[in-house]
Amino acid sequence: MSAPEAPKRSDSLANWFFTYTKLRFLTRMRRLLCLNAVRRQQPPPEKAVDIDTGTDNQPKTAEDVHMAGKLEGPDGWMVALQRSVKRLHFGSWEEKEVAAEEIKKLAEQDLKRRKTMAELGVIPPLVAMVGSEVVARQRLAVRALIELANGSLTNKALMMEAGIISKLPGNVEVLEETARQEFAQLLLSVSALANTQLSHTSARIIPTVVSILESSSNTIATKELCLSALCNLSSVLDNCRILIATGVVNTLTRLASVKEVSEKSLATLGNLVVTSAGRKALEHNPNVPEGLIEIMTWEEKPKCQELSAYILMVLAHQSSLQRQKMAKAGIVQVLLELALLGSPLAQKRAAKILQWFKDERQMKMGPHSGPQMGRVSIGSPVNERDVDEGKKLLKRILQQSLYKNMETITRRANGDGDSSKLKALVISSSSKSLPY
């Protein structure tokens, strides 16, 4: 009896499933018809109104409808750009401001758009807007030019050709801090031309950059932008003379002691010190060498230590007077610590300066003051032995200095206890960090 009942159950299950699916389909259709009927009875939606302008955003003419359709397409940005270019060249001041804002937004997307905009001639009218007496209009143009200059040397050169230097404000003190920062950012972009064939044009922005840097109410961000621009400009020797004539060396040495902007200040000073005028300006600066020696103790700023050691190395080279000033300022102790604990590059520079001090001391000892190690050229038969003796002498000096420093630290922490274990540890260690 159970065998014939199985097909009946299967048929009843299939009939039930078919009926359930049909009811769900009819229910959905009924809901769709009801929604369509309700939509037909509702009034048309009101036009969207722009709160700022008080006008509706719906296209009113056939041309507007056609333009709106183009903007929604894949090449809509090109249509918007053409409209902005037209307004920028032939529109009123209000239309130019709107166009500048639109160009800024479009230029943020990619480099291809920025190049296309330059080909359509948007840079000259934007540069002209920078010279406007209306601050808001001026800042709109500056922001747009900053975006256009991003990643394109051609666009930067076009800005210089359009006379951006003549449009810069003469007195930056009257500008707000945000406006000064925007001008500094634009000048930083243009300063990249210093490393190209158009380096002679970039030098014309030096006075403005220096005036913004020396402004009394600048933030750290604005100072860093100006210092980055000066670092670019100082990489060209022809610009160094102009920079030094502005008296910027004093400002740079002062800012070198500010840890937030020290690296860029020292990098610029490093570019200037290789010139005779820059070296002379640093030699007569009251913060040199004490300020630079202090920077070499910044263990958390290894790059600043390297740059400071480089500047001191240039100043100490073939200058006994500068080495005497450095010795009086306590440079030997700092160099010993840097030669042990600094970065590989800082160790090499510190060891080089220490070698000069050692050689100078041996020359002053005279022929009757003990065994002499005369200067011989590299590759001579006795040079290897002299180098070995110099290494041993320098190692002994470094070990003694390290022992004294660690013993002082131990005494301060634990009192005048026995430091024989510490001494044994130091003596048994070797100066493997020396770059020899």
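**Exercise 1.** Which residue caps the N-terminal end of α5?

*Solution.* Begin with the source: this is a predicted model, in which local features need pLDDT of at least 70, side-chain atom pairs count only at pLDDT 80 or more, and totals for chains, interfaces and linings use all residues. Residues are numbered from 1 along each chain as its sequence is written, and side-chain values use heavy atoms, with hydrogens and water left out. Next, look at the N-terminal end of α5, a helix (a DSSP run of H or I, at least four residues, numbered from the N terminus). The cap is D110, with a side-chain oxygen 3.2 Å from the backbone nitrogen of K112.

**Exercise 2.** Find the buried residues of α5 and what covers them.

*Solution.* Step one: apply the cut-off for buried, under 20% relative accessible area with a 1.4 Å probe, protein chains only. In α5 (residues 111-119) this gives R113, R114, T116, M117 and A118. Step two: list their cover, using contacts (heavy atoms within 4.5 Å). The cover includes α3 (76-90), α4 (93-107), α6 (123-130), α7 (135-149) and α8 (153-161).

**Exercise 3.** Which lysines lie over tryptophan rings?

*Solution.* K96 has its charged end over the ring of W93, 4.7 Å from the centre. K259 lies over the face of W298, 5.2 Å from the ring centre.

**Exercise 4.** How many helices and strands does the protein have?

*Solution.* Count 24 helices and 0 strands, a strand being a DSSP run of E, at least two residues.

How values were computed: Lys NZ or Arg CZ within 6 Å of the ring centre and 35° of its normal. Buried < 20%, exposed > 50% of the residue type's maximum accessible area, 1.4 Å probe, protein only. Polar contact = N/O pair within 3.5 Å; in protein donor to acceptor, adjacent residues only side chain to side chain.
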